[in-house]
Amino acid sequence: MSTGFHVVVCGSLVPDLLQTLEPVQGPAGPALKNELMLPSVLDPWAAHALFEAAHVAATVPGSKVWLVSLGPKAKLQQLMMSIAPKVPFELVAIDASASGFTDPVEVAAALAGAIEKIPTLDRSRLLLFGGCASASRDAGVTVALVGERLGITDQFLAADELTVSAEGTLTILERVEGGKYLVSEVSGPPCAIAWATGNLPEPPNNPQVGMLNMRTMMPALQKAAAVQLASPGTTFHSVELPKQERRTRIVKDVPIDEMAREIADWIKG
Amino acid sequence: MSNEDAALLSTLPGDDVRQIMWRFADRFDYQMVVQSTRAVARGPVARAVAKGARNSHEWTEDKADLLREFDAAGITAAPVDPEYGGFIEGPKNFLMGLIAFELAWVDAGAGTSSMANTLALAPIHERGTPEQKQTYMTRSVPPQPGENRTIWRGAFALTESIPYVGVDTGVLSGRVRVAEWVDGEAPVLHVDKRGRFITNMGSANFVTAAVDSGDPRIKGSCMVILEETDPGTWDRGTPTKKLAHQLSSTRDPVFSLRVPADRIVGGYTVKDGVIVPNYSHADVIEAVFTRTRAAPAIMTSAKLLSAIEPVIRYHRRRFRGAAGITEGTPRFDMGLQQKEDALHRLLDVWAAGEAGTSLGFMALRLLDSYDAIEQAKSAALAQLGVAGGRAEFKALRAREGAASEYLALSAKETLSAVESARLAELEADPVIKFMVTESLSSVLIPATKLWNTGHGVNMMREAVSMMGGYGITEDCPGFLGTKWIDGQLEATYEGPEVVQRRQLSVTMSRTIFLQQFQQWIAHLRVVAQEHPAMGASTLANAMELWLWSREYLSTAKDPFGKDVYSSQRHGATYPLADALSWLVASYHLTIDVLQLAQHGPESPALAEGIDGLVNFYNDLCTIHSATAAGEATRICAELVFGYRAAPDATRDDPTKVVDAFIELAPFVALRTRVEASLAGSKLAKDRAADALAQVMIPEVLDYPV
C-alpha cells in the first residue's frame, strides 16, 4: 500500500460498567436512572476496534484514523480525556443520545451521514471499523447497517484479526461456531469490519499523542451536529435487569463429575 | 422548604463537579492527565497494594514497576516544561495537586514516589542555572521516540542525620569543602552528607543535597547536585523502617563524593579567593517549599473523599447474608444507614475532605500565578537598583503602606475620581501585586499543610472506625487503614505541623493579610443574604470573633506583665493559627460551592442532578461552617480568658463574672452571635443525612482493577 488506509471507527460511550444501572421510565421512554450523571467509558467492543485501527494505521504508512462518536456532547468530552492519550485519531462527534434504548437503524443513518461529510475521506481507501456488539445494547447490526448505507458490500462480523499483505490484500479472521475462525481474503478497501475482541492489548497512555489529539477534539466537539433519534415505530414496553438467583448448598465429598452434572441439570431446568 | 420537597443528591460527585469547583473545566490537558493518573492509581498501584507490595521496606521490583507506569502515563513528564521534554505549558503546581489527589485516592506512597522526583528537581527548577536545568530536566523525562537513554530519577536530601528524622532546616551537618583548586581552573568540591529518611533513594541517580561550608574558601551553605557516578562513596544506605508510604523508597544514604563546583545549585562567584554560592540552602529551600507543601496536603484530603463510597457500601450491606435479614427489609436495604450516627459521622468526614481540597487547590491556583508575579516584582525592583536579600526586604517593607492602601481602595464600593486613579496606579504596580499575593499565599499554604493533614488524619481515623474491625485489616475496601497511617506522614513531610504553626503565627498578623480577611467577612455577609442556607453567616461571625481575639491578644499581657502574643509564646499563637486554619478551610469550601451553584447548571451532564448537588453541598457547607465556628470559638475563648487571672469574686458569686470581665464584653457578644447563628445547622445535617442514605453508588469499588 503506497497511499494507506482511511480507517473510520464507529464507537461511543457506555455507562461505566461498575455503576449501578437501574432502568427507569423517563418522559421520552426508558432510560437509566441518573444516566447523565454516571461516569462513562468507551464501549469495550468499540475500544478494540479503535486499537486495531491504530495498529493498522501504524503499520501501513499514509493511513489515518477517524473516530465517529455518537453521544451526548458533554459526556463525549469527558470520555475523550481518557482515550485521547491512547492512539492518534481525529474525532467526528455527533450530539445525540447514546442510550441503549435507541434504534440501530437510526443510529446507523446518523453515523453514515457523518462519515459521508468527512471532507478529506477517500471512500476508495475506507476501512469501516466498529464493535460487533455493544455493552449498552447488543443489537449487533450497527456496523453492517452503516456499511450498507455507504455502499460497502465486503463486510466481516466478529473479527479477531486483520493482516495486510505488502500488496494491500486484507486477510480477516471471523469468529464462527465451535471456537473456529472463518478466514477471508479481500483484495482491498473498502470493507467493513465489526470487531470482536481483536488480539491487541489496550495501548499505554502517551501524553504527547493526547495533546495532539486534543487540538482537533475540542473544535470537533464544538461543531458536533445535534441529531434526534426518535425511534418511530419502536415501543419499549418494559425494561428490567437480568434476574440474579443465588442458591447456596453446602456439601461435602461430592465428586466433581456429580457436581457438574447437577449444575448442568439445573441449567437445563 | 420541607425535607420532602428538596431535591436530593443523585450520585456521588464526579469529574464534572470537581472540574467546576476546582476551576479546571476549561483545562482539557489537565483533565487528560487526571484520567491517565487515575488509570495508573486504580490499576497498577491498587493491584500492588492488594498483593502486599507495601509489606516491605526494601525497594522491590513491584515498586519499581510503578515508576515505569508513571513514565508511560505521562505522570513523570507532567511537571517538566515542554522545552525540556514535558508536554504542558505554564506553571504546574495545580496540576501536581491533581496528580497527588488521584494517586493518594488509592495510595499516597505512590503519590510520594511521583512527587519526590519533582521535589529533587525543584531546587534546580527554581534556582538552577540554565545549564543545570537543561541537564537534569531533560534526563528526568522518559526517552522520546528515537532516543536511546535511561531515565534519571532524583532525590532531595535535606534532612539529617541518624537517628533523628527531620531536623531543623537551619542546622546542617553535611559539609562541603574544596578538594582541589588549580589556578585558572574551576574548583573541585568534596561533599560529605549523611541523609535520613530520603525519599526515592532506592532508585535515585542524582541527589540535590543541602550542605554547609566546612572550608574557609566556601562561604555559607548551598545546595549541591550529586550523581551516582561521581568519584567516592555513593551508598544508598539502609531502608528507613517507616510505618507509612511503603510504596515509596526511603533510605538513609551516605555520600562522600568529589563534584565539580558547577554542581552548586544556581552557580557561584569567586570573591577574594572564596567561593560564594549564588543561593544559600535556605534561599533554595524557601523557594522550593513555598511551592511544594500544598500538594502533599491535598493527599490527605483525597483519602477522606475516597473513603465515602466504601463506607456507604459497607454500611448499606452490613447485615446482608445474616440469618433472618431478608431482602426488602430496612436492615437488608439500608443496613447501618438506618442509624443517624453512621450518617452524621460520615458527613463530618466528607465535609473535612471537601474543605481540605477546596483550600488546597485554592493555594495551588494562587501558586500558579505566583511565578509570574514574583518575576515581575523582581524586575521592577531591579529597575530601582534593588536586587534580592536585605535590600529587597527593606524595599518591600517600605511599600506596605501602599499595599494596604490598595486593599482599602479595592474594598470600597464607590470611589472618587482621584481614588479610582490611585487604585489603577497601585493595581498596575507589580510590587504591590506581589505583596498582596504573597501575604495570602504565606497564610494559605501553611494553613493547607497544617489543617488538611492534622485534622485530616483525625478524620481518617473516624472513617476507619466506621468500618469496624474491617477498617484495620489489609483487605479493607479502599485501603482505609493504611490511608490513616499514611496521613500521619503527610502531616510531617516538608515541615511538620509545628513549622506551619510557626509560619502562620507570623504571617497571619500582617496587616495586608488581615485586610483581605476582613474582605472575606464582608463577602460572606453578602453571600449570607443571597444564600441563607450555606452557613455563611455562621462563618462570618466566627471570623469576626477570631479577628477580635487576635487584636485583643496582640496587646494583652498576662498577670505577670508578659506579652501574650509573642514569638516564643506558642501556647497563644499556635492555637490561634489552628483556629484560623479551620476558618480559612471553611471559607474556601463556601467559595467553591458558590462556583458550583453558578456554573453547574451550564453543564448538560449535571443538569438533571444539579439541584440535588447544590442542596447537598449547601448543607455540607453549613455543617462545616458550624464545626469550624465551634472550634474557632472554643480556641479563642480559651486564649482570651485563659491568660487572665481568675478574679476572686467570681468564685463565690457567678453573677459577678460579667462585671469582672467587663472589657471582654465585645468578645462575649461576638461569641453569642456565633452561637445564635448555629441555628439550623443540625437541621442541615439531617437533610444531608437523608441525601446520604439514598444516594446512588456504584455496584463495586473501582479499584483494584
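Which residues does B:Leu409 touch, leaving aside those up to four places away in sequence?

Reply: B:Leu409 touches B:Leu415, B:Glu419, B:Arg422 and B:Leu423, once residues up to four places away in sequence are left out. Keep in mind that this is a predicted model. B:Leu409 itself sits in helix 12 of chain B. It counts as partly exposed because 16 other C-beta atoms lie within 10 Å, and a residue needs 20 or more to be called buried.

Now step back to the domains. Chain B is assigned domain 1 (15-139), domain 2 (154-280), domain 3 (293-497) and domain 4 (508-698). The C-alpha centres of domain 3 and domain 4 of chain B are 16 Å apart. Their contact draws 34 residues from domain 3 of chain B and 27 residues from domain 4 of chain B. Helix 12 (400-411) of chain B turns up again here: together with helix 8, helix 10 and helix 14 (430-465) of chain B, it is one of the elements giving two or more residues to the domain 3 side. Helix 10 of chain B gives the most to that side, with 14 residues. Sorted by class, the side of domain 3 of chain B that touches domain 4 of chain B has 22 nonpolar, six polar and six charged residues.

The crossing of helix 4 of chain B past helix 8 of chain B is right-handed. From helix 4 of chain B come B:Met96, B:Gly97, B:Ala100, B:Phe101 and B:Ala104, and they meet B:Ala294, B:Ala295, B:Pro296, B:Ile298, B:Met299, B:Ala302 and B:Lys303 of helix 8 of chain B. By class, this contact of helix 4 with helix 8 of chain B has 10 nonpolar, one polar and one charged residues.

Helix 7 of chain B runs over residues 281-292, so to speak a 12-residue piece, and reaches 16 Å from its first C-alpha to its last, close to the 16 Å expected at 1.5 Å a residue. Its buried residues are B:His281, B:Asp283, B:Val284, B:Ile285, B:Val288, B:Phe289, B:Arg291 and B:Thr292.

For another helix, look at helix 20 of chain B. This one spans residues 610-642, has 33 residues and reaches 46 Å from its first C-alpha to its last, close to the 48 Å expected at 1.5 Å a residue. Since 25 of its 33 residues are buried, helix 20 of chain B is largely enclosed by the rest of the structure.

A few backbone details are worth a look too. B:Asn200 has a positive phi of about 75 degrees, although it is not a glycine. B:Asn200 belongs to the loop between strand 4 (198-199) and strand 5 of chain B, and it is buried, with 27 other C-beta atoms within 10 Å. B:Glu494, also not a glycine, has a positive phi near 55 degrees. B:Glu494 lies in the loop between helix 15 (480-490) and helix 16 (497-507) of chain B, and it counts as buried, with 22 C-beta neighbours inside 10 Å. The peptide bond from B:Tyr703 to B:Pro704 is cis, with omega near -5 degrees, and B:Pro704 is in the segment after helix 24 (681-694) of chain B.

Chain A has a cis bond as well, from A:Pro189 to A:Pro190, with omega near 0 degrees. A:Pro190 lies in the loop between strand 11 (180-186) and strand 12 (191-195) of chain A.

Last, the place where the chains meet. The contact takes 26 residues from chain A and 28 residues from chain B. On the chain A side, helix 2 (73-83) and helix 5 (207-222) of chain A each supply at least two residues. By class, that side has 15 nonpolar, eight polar and three charged residues.

Notes: Residues numbered from 1 in each chain as written. Chains lettered and ligands numbered in written order. Predicted model: local features only at pLDDT ≥ 70, side-chain atom pairs only at ≥ 80, totals over all residues. Helix = DSSP H or I, 4+ residues; strand = E, 2+ residues; numbered from the N terminus. Expected span 1.5 Å × (residues − 1). Buried ≥ 20, exposed ≤ 12 C-beta atoms within 10 Å, placed from the backbone. Contact = placed C-beta atoms within 7 Å. Nonpolar A, V, L, I, M, F, W, Y, C, P; charged D, E, K, R; others polar. Left-handed = near helix turned anticlockwise from the far one by under 90°. Domains from an automatic or database assignment.
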